[in-house]
Amino acid sequence: MNHFPIFLNTSGRRIVLSGGGDAALAKLRLLLKTTANVTVFSPDADDQIKAWSEARKLTLIDRAMEPGDTLCAALFYAADEEATEDKRTAAIAHADGALVNIVDNLADSQFITPAIVDRDPVTIAIGTEGAAPVLARAIKADLEEKLPTGLGTLAAIGKAFRKAADALPFGRPRRDFWRDYYFNAGPKAIASGIEAVQPALDTLLADHLMKDTRKGHVAFVGAGPGDPELLTLKARKAIDEADVVIYDRLISPEILELTRREATMIDVGKEAFGPSTPQETINALIVEHGAKGAQVVRLKSGDATVFGRLDEEIDAVTAAGLDWHIVPGITSASAAVASIGQSLTKRGRNTSVRFLTGHDMKGFADHDWRALANPGEVAAVYMGKKSARFIQGRLLMHGIDPATPVTVIENASRAEQRVLSTTVAEMEPTISQAGLNGPALTFIDLAPRSAMAAIPEIPMPVQAQEAR
């Protein structure tokens, strides 16, 4: 992020613009929505700018800008649409201490003006750092269609009511009140006219003051494989409402970004055969925050019900007398196999699929290797990178065809997803030499569909290529 978004208070401050043509008009249409004192320098201003000056919406000075003209200005726009003149006026503004924007010159500008959705006092700014203005406008149009025009009125009335709402306890009780106002009582009231909003607010506050404080609750949420677009709507809602988020190591940064800034974030990452937060500590943290009345989200990678130690955490929460619910997520195996154009089951090939873990609390996990070695037995192995040699040995020992395909998918569904295709005979040392650093799923007897050639594959090590 090269441009940090802020909202600048322009009330009563100077904004200066040099230019009188189309570029100046475009900027002024936006600047005149502010309460700033706008001054324009142009010896040949457009008639519309002259009309605004006559209506006292801005001050027009009928000459080119000179040194000292931008003293005490908060912002300056160079909009003469002529490179030499823009450079000259920008230098004057720099010397006078104003922040400078040169229209259509990102490199020499100190700030940029984003696309804006105006529901005053609700303002949404959309910026692409100059990379894609067409995209910014498209997002703006989409938001304007979704946000009701009365939203600004509701916000203005709500702003005046904030002191009265302080009678509610800080934190969740107030958030619940304002959520109820903006998404329920407010829109219903304004449909009957603006005069109906204030009485609705008074009634709503009285109702919320009489409510008992919401009890602590724990949501066990499956975050999916990492792509935030694969979150369920229910998971997104739970994350948005959470006071405390207790999350696994494999949760992607993009999903963590969806949490409220005020939420308490607790990393309880576990790593196979590496540093781990003891399960007892995780249980205690969930119970501790839930007992304080917090809405706790226990955020687990993939689906919370698959290899997530869910039962142990539910037992701890139940023993503490806390309410809880489960929000299922897309398990990593489903996302991974979809990304290679395959299905986990196929008529005539396999009528069942096995979800296995590569290791358990005792070390490498043992399974029914004889059954897994049968032709057509598809298995998805979670946490199998470090146990690859063990799995390979067990399968070969029980008679699997060495040419049986093996596919490893790292960071399934994420931008950095990688696919490794090999066989049981070659899965080690191929997997260990591939330098896999992210979470990976290993599929036994499943190869990428040939039509999925666009997926980037990890080059096979030289030793493995020679072995073939």
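Biologist: What makes up the lining of the largest cavity by class: how many nonpolar, polar and charged residues?

Modeller: Eight residues are nonpolar, none is polar and one is charged. The rule counts Ala, Val, Leu, Ile, Met, Phe, Trp, Tyr, Cys and Pro as nonpolar, Asp, Glu, Lys and Arg as charged, and the others, Gly among them, as polar. The lining consists of L356, W369, L372, E377, A379, V381, I391, L395 and I444, and E377 falls in the charged class. Keep in mind that this is a predicted model: local features need pLDDT of at least 70 and side-chain atom pairs count only at pLDDT 80 or more, while totals for chains, interfaces and linings use all residues. Residues are numbered from 1 along each chain as its sequence is written, and side-chain values use heavy atoms, with hydrogens and water left out.

Biologist: Why is this space called a cavity?

Modeller: On a 1 Å grid over the protein atoms alone, a cavity is a set of points where a 1.4 Å probe fits but cannot get out, and its lining residues have an atom within 4 Å of a point. Searching the whole structure gives one cavity of 30 Å³ or more. About 50 Å³ of space lies in the largest cavity, where volume means the space filled by probe spheres set on the points, which are joined across faces, edges and corners.

Biologist: Which elements each supply at least two residues of that lining?

Modeller: They are α13 (369-372), β16 (378-382) and α14 (388-397). Helices (H or I, at least four residues) and strands (E, at least two) are DSSP runs, numbered from the N terminus.

Biologist: How do you know that helix α12 is largely enclosed by the rest of the structure?

Modeller: Buried means under 20% relative accessible area, exposed over 50%, and partly exposed in between, with a 1.4 Å probe and protein chains only. Six of the eight residues of α12 (residues 332-339) are buried, so the helix is largely enclosed. The buried ones are S332, A333, A335, A336, V337 and S339. Their cover includes β13 (353-357), β16, β17 (405-410) and β19 (440-444), counting as contact any heavy atoms within 4.5 Å. Just after α12, G341 takes a positive phi of about 70°.

Biologist: Why does C72 count as exposed?

Modeller: C72 has 70% relative accessibility and therefore counts as exposed. C72 sits in the loop between β3 (59-61) and β4 (73-78) and has a positive phi of about 70°, although it is not a glycine.

Biologist: Why is the chain called more spread out than a compact globule?

Modeller: The chain has 16 helices and 19 strands. Its radius of gyration is 30 Å, well over the 23 Å that the globule rule gives for 468 residues, so the chain is more spread out than a compact globule. That radius is taken over C-alpha atoms, and the rule is 2.2 Å times the number of residues to the power 0.38. The C-alpha atoms fill a box of roughly 90 × 65 × 40 Å along the principal axes, and 44% of the 468 residues count as buried.

Methods: 1 Å grid on protein atoms, 1.4 Å probe; cavity = no way out; pocket = protein on both sides within 12 Å on 5 of 7 lines; lining within 4 Å.
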